[in-house]
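Subject: Structure handover

Hello,

Please find the structure below, with notes on what was found in it.

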Amino acid sequence: MELSWESSVEESINAIYLLFSAYLVFVMQLGFAMLCAGSVRAKNAMNILLTNVVDAAVGSLSYFLFGFAFAFGEGPNKNPFIGTSYFALKDVPTASYDYSFFLYQWAFAIAVAGITSGSIAERTQFGAYLIFSFFLSGFVYPVVAHWVWSSSGWLSPNSSHRLFGSGAIDFAGSGAVHLVGGIAGLWGCIIEGPRVGRFDAFGKSVIMRGHNATLVVLGTFLLWFGWFGFNPGSFNKILVAYPTTIDQGHWTSVGRTAVTTTLAGSTAGIVTLFGRRMLAGHWDALAVCNGVLGGFVAITSGCAVVEPWAAIVCGFFAAWVLIGLNVLALKLKIDDPLEAAQLHGGCGAWGLIFTGLFAKEEFVVQAYNAGLAGAQGRAYGLLVGGGWGLVGAQLVELVVILVWVSVTMGPLFYLLHWLRILRISIDEEVAGLDISSHGGYAYNAHEEEDTAPRFYADYVRMHNNS
């Protein structure tokens, strides 16, 4: 059937919107790369930059071959647990999914692996990155995405049999993306153990600051920019009018979502600034950057279904979740160079709970039923009069993600550890991954130059003589 010119224009604008959002989300890979590079020591900068490139490249292949199928495949017999069609994009485009949609979802998939890479930075063999990145972006994450975002997923708010009459609202992925990446990173941290010298002989933490605050701030702003594709872009379409209004549609919800995203991140950053001032006695720029990101992570679940004032509440508590988990991590001797497990895991979990408390019925209907009046009666936030259904669904999502990632990524990291292909040797770690694994440093000169080998040949001679 031939489309009218009006429909063609509408479809074209929606496709351009989704593609532009995909490009913004992909810019977040550059943000991750800069943030990670600045957060590690100079002798490991080349390694962490390469892992970010590899995460994108490996994730592209794994998500193309089977990740997208596991996430959104819907065969004749719909499976609420895992997708069963569209392997290697066979039969795509369809009435539901086209190449633009695949590209947008691919950008999400590679972000998950980037989160986990940061948790185990400065001590992991490069081959291990290739293995877990392929597995995480091609299988572990897509299964969760299917539960939450596929219309046949058992947690999906679009399912015909919604859990507790609600389904879990995880609009842009506080749980599906950030909690998955954070829990995977936590298992990597636990199984690998802390970096050499991170804790002294008495168990007291030793500060290991990243080498470049400029890169950290640059990475934070790039991630902030990319989040405007991550959250508002999750509407997928912008030209969808709400039939109960004369001047509103997805375009108004997209604008509100960008506002809630900004307010949550900004609030979390300010609270972290003063929180760290009270705890550490100084204004900590790097902590503020992580605070901002923690606010973004938390609001990602409910960004489209809460009022702007609620986003401020979200950011306020996200900051204290991050600060508290960082203190707890030190007590438990968990060494995460980028605080990724605490930031993405902890703030992602809070984001799911927050949505169950503050989601507004009107906005839920707009986000999931295009504002149709007949869709009233959907579950919404407990604290705005919506009952326990949505809170229950959010808690179920939180728990099942924790269990699923633990039973998949935990054994994988343990297997790599058992095969002795997970962690580098002490000598390599002390020398730095750049010189021991990548043939040279990211910079021609750096502050560790006096005690570290300058070239790979120097490292080999030092290693042979030890």
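**Aromatic rings**

One aromatic cluster is formed by Phe66, Phe70, Phe81, Phe87, Phe134, Phe135, Phe139, Trp147, Trp154 and Trp404. Rings of Phe, Tyr and Trp (for Trp, the six-membered ring) count as a pair if their centres lie within 6.5 Å; the pair is stacked if the planes are under 30 degrees apart, edge-to-face if over 60, and tilted for the rest.

Before going on, two notes on the source. This is a predicted model, in which local features need pLDDT of at least 70 and side-chain atom pairs count only at pLDDT 80 or more, while totals for chains, interfaces and linings use all residues. Residues are numbered from 1 along each chain as its sequence is written, and side-chain values use heavy atoms, with hydrogens and water left out.

The structure holds 40 aromatic pairs. One of them is Phe72 with Phe101, an edge-to-face pair with 5.0 Å centre to centre and 80° between the planes. This pair links distant parts of the chain, as Phe72 is in helix α2 (residues 45-72) and Phe101 is in helix α3, 29 residues apart. Phe72 and Phe101 are both buried. Here buried means under 20% relative accessible area, exposed means over 50%, and partly exposed is in between (1.4 Å probe, protein chains only).

**Overall fold**

The protein has 15 helices and zero strands. These are DSSP runs, numbered from the N terminus: H or I of at least four residues for helices, E of at least two for strands. The radius of gyration is 22 Å, close to the 23 Å that the globule rule gives for 466 residues, so the protein is as compact as a globular protein of that length. That radius is taken over C-alpha atoms, and the globule rule is 2.2 Å times the number of residues to the power 0.38. The C-alpha trace spans about 75 × 50 × 35 Å along its principal axes. Of the 466 residues, 57% count as buried.

**The cavity**

How many cavities of 30 Å³ or more are there? The count is one. A cavity is a set of points on a 1 Å grid over the protein atoms alone where a 1.4 Å probe fits but cannot get out, and lining residues have an atom within 4 Å of a point. Grid points are joined across faces, edges and corners, and the volume is the space filled by probe spheres set on the points.

The largest cavity has a volume of about 90 Å³. Helices α1 (5-39), α3 (99-119), α8 (285-299) and α10 (340-358) each give two or more residues to its lining. The lining consists of Phe32, Leu35, Cys36, Gly114, Ile115, Gly118, Asn290, Leu293, Leu338, Ala340, Leu343 and His344. By class, eight of these are nonpolar, four polar and none charged. Ala, Val, Leu, Ile, Met, Phe, Trp, Tyr, Cys and Pro count as nonpolar, Asp, Glu, Lys and Arg as charged, and the others, Gly among them, as polar.

**Backbone in the loops**

Most residues other than glycine have a negative phi, and most peptide bonds are trans. In the loop between α2 and α3, which holds Pro93, the peptide bond from Val92 to Pro93 is cis, with omega near 10°. Leu89 is also placed in the loop between α2 and α3. Leu89 has a positive phi of about 60° although it is not a glycine, and at 11% relative accessibility it counts as buried.

Arg420 likewise has a positive phi of about 60°. Arg420 is in the loop between α12 (389-418) and α13 (426-431), and is exposed, at 72% relative accessibility.

Helix α6 (residues 213-230) contains Val217, which is partly exposed at 31% relative accessibility. Gly226 also lies in helix α6 and is buried, with a relative accessible area of 0%. Gly255, in helix α7 (residues 250-280), is partly exposed at 34%.

Regards

Conventions:
On a 1 Å grid over the protein atoms alone, a cavity is a set of points where a 1.4 Å probe fits but cannot get out, and a pocket is an open set with protein on both sides within 12 Å along at least five of seven lines; lining residues have an atom within 4 Å of a point.
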